[in-house]
Amino acid sequence: ENHRTAGVVMAPRFREKFKKTLGEDLIVLIPDRFTVFIFSKLASDYEAYGEAVVEQYQDATYGVSMEVFAIDNEGFRVIGRFEDE
């Protein structure tokens with residue numbers, strides 16, 4: 001419900017919060033300001049959420065991205081993108 005939700009992924013301790021459950025390396029999807037999907041990079045099925053991410057992005061008043069982000073020792077970067085059809 002908070003429009004600042006999408007920005008939480010940039011917090012210095014974001015990875016730390018998920019280390020025990022998802023591991024150190026994360027995949028993050030941010031279709032709108034209010035939604036963040038977080039996956040383990042090692043055991044990820046984030047591709048299955050592609051259609052939902054695109055739909056949420058397109059329907060959002062405040063869309064953020066259809067890109068796939070990695071958060072790991074190298075930092076925060078784009079590693080892919082879902083395409084709208």
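**Aromatic pairs, group meeting**

Let's start with Phe76, which is partly exposed at a relative accessible area of 33%; that label covers the range between buried, under 20%, and exposed, over 50%, with a 1.4 Å probe and protein chains only. Quick housekeeping: this is a predicted model, where local features need pLDDT of at least 70, side-chain atom pairs count only at pLDDT 80 or more, and totals for chains, interfaces and linings use all residues. Residues are numbered from 1 along each chain as its sequence is written, and side-chain values use heavy atoms, with hydrogens and water left out.

So, the rings. I'm pairing Phe, Tyr and Trp (its six-membered ring) when the centres lie within 6.5 Å; planes under 30 degrees apart are stacked, over 60 edge-to-face, and the rest tilted. That rule gives five aromatic pairs. One of them is Phe37 with Tyr49, tilted, at 5.5 Å centre to centre and 45° between the planes. Phe37 sits in strand E2 (residues 35-40) and Tyr49 in the loop between E2 and helix H2 (50-59), so this pair ties together parts twelve residues apart in sequence. Those elements are DSSP runs numbered from the N terminus: helices are H or I, at least four residues, and strands E, at least two. Phe37 is buried at 18%, while Tyr49 is partly exposed at 33%.

Back to Phe76: its ring centre is 4.9 Å from that of Phe69 and the planes are at 20°, so they're stacked. Phe69 is buried, at 8%.

Ring pairs also join Phe37, Phe39 and Tyr49 into a cluster.

Last one: the charged end of Arg33 sits over the Tyr62 ring, 4.2 Å from its centre (NZ of Lys or CZ of Arg within 6 Å of the ring centre and within 35 degrees of the ring normal).
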